[in-house]
Amino acid sequence: MKQQICILGSTGSIGTQALDVIRQHSDRYEVYALTANNRWEDLAKQAREFQPAAVVIANEKHYEALVDSLRDMPNIKVYAGKKALKEIVESGEINIVLTAMVGYSGLEPTIHAIKARKKICLANKETLVVAGELIVKLAQQYHVPIIPVDSEHSAIFQSLVGEGDNEIEKILLTCSGGPFRLFSNEQLKYVTADDALKHPTWEMGSKITIDSASLMNKGFEVIEAKWLFGIPADKIQVLVHPQSIVHSAVQFIDGSVKAQLGMPDMRLPIQYAFSFPERIRLNSERLNLFEKPLEFFPPDVEKFKCLAMAYYAINKGGNMPCILNAANEIVNEGFRKGVCSFLDMADIIERTMLRVSFDANPDYNVYVKTDEEARKVAQDLMQH
């Protein structure tokens, strides 16, 4: 029986690469549902190729256009809206849900997928940043595996396979350093979104590429690693590794370090999440270590304050990571639109974290209210 896959966010970078994995292994995997937020034309094109049972466009404005474009494909059901996103993941036929939506929007559909007992291949890191404690509890309650898709967390996961209960001394979380690694503070005052979107090693969507330039993405990954692997933040060390060949590593209490290496190709962790515990062939470029020097440097948390703020947020706990994420989504978009500068982003996030109501024991409703409040505060700060 082929595994039936639902891809939340199929038109983005992770979604399109996941479809390439499915193309290579059409004997094993079949697309059951595809979803997108705004890119209905790309979604229609994907639907024509993969012929899923259903497609969902989250932005209801594009529903009629999507229906018209697929009118000659009567076997594909077309839905729209956030409610449809939550409902599609509950379909009985689905085995795997790949959560590749961007930002906070991925949280609610992921919760519904867990409650429907689907295997979660998690590429939406904000789900664990915002509500890690809740998600981990739900996964345990419903006996649902969460397999990480981020290259770093996949590397840690792969390094832990076969280690059982062996104690971890620390996690070594690697980071390219982004395009501004060698810039001075003076230079950072004048960088633009176009500059930031030139990531040195990875092809990613614009939001995550900006987060990588500010090192907020790495801060989010520290928080994600804490929840995925049950490791306190003070045992998670970030290493700047410009070549992006060592995807991350684990150090054990005997001093041994296990790492996962490979070319910077997101199809590998996507495929591993689908096929785990089995490894299957992937047609991709192979690593040649003779051509690649491997360098490691400590991150500059004074220059890139977002990483330090992420450590603060996870150590503070409660709804503080939710505040961090909401403020970051506002300033990230603001920077891309030229409303705030690169250095303004960290300052606005920090001020938002000081202003928004703190709750040490949040439930889902608190996360929703916190997200709304933090977005409003960050928006107000950005405009004044």
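Author: E152 lies in helix α7. The model is a predicted one. With a relative accessibility of 10%, E152 falls below the 20% limit and therefore counts as buried. Beyond its neighbours within four places in sequence, E152 is in contact with L173, T174, K218, E221, H247 and S248.

In an unreviewed UniProt entry, the annotation "binding site" covers D150, E152 and E221. These residues span 72 residues in sequence, yet no two of their C-alpha atoms are more than 8.6 Å apart, so they gather at one spot.

D150 is found in the loop between β7 (146–148) and α7 (151–160). D150 is also buried, its relative accessible area being 8%. Its contacts, neighbours within four places in sequence left aside, are L122, A123, K125, E221, E224 and M266. With K125 there is a polar contact between the two side chains, at 3.3 Å.

As for the sheet, four strands form an open arrangement in the order β9-β8-β10-β11, with mixed pairing. The edges are taken by β9 (236–240) and β11 (257–261); each has a single partner strand, so one side of each is left without a neighbour in the sheet. On average, neighbouring strands are turned by 20° against each other, direction ignored. Helix α11 (residues 216–229) packs on this sheet and touches β8 (168–175) and β9, its direction making about 150° with that of β8. Strand β10 (residues 246–252) runs antiparallel to β11 and is joined to β11 by five bridges; V246 stands opposite L261 in β11.

Definitions and conventions. Residues are numbered from 1 along each chain as its sequence is written. This is a predicted model: local features need pLDDT of at least 70, side-chain atom pairs count only at pLDDT 80 or more; totals for chains, interfaces and linings use all residues. Side-chain values use heavy atoms; hydrogens and water are left out. Two strands pair if DSSP finds at least two bridges between them. Helices (H or I, at least four residues) and strands (E, at least two) are DSSP runs, numbered from the N terminus. Axes are lines fitted to C-alpha atoms, for helices over the stretch in contact, and angles run from 0 to 180 degrees between N-to-C directions. Contact means heavy atoms within 4.5 Å. UniProt positions are given in the numbering used here, feature names are shortened, and annotations may be inferred rather than shown by experiment. Buried means under 20% relative accessible area, exposed over 50%, partly exposed in between (1.4 Å probe, protein chains only). A polar contact is a pair of N or O atoms within 3.5 Å; within protein, one must be able to donate a hydrogen and the other to accept it, and residues adjacent in sequence count only if both atoms are side-chain atoms.
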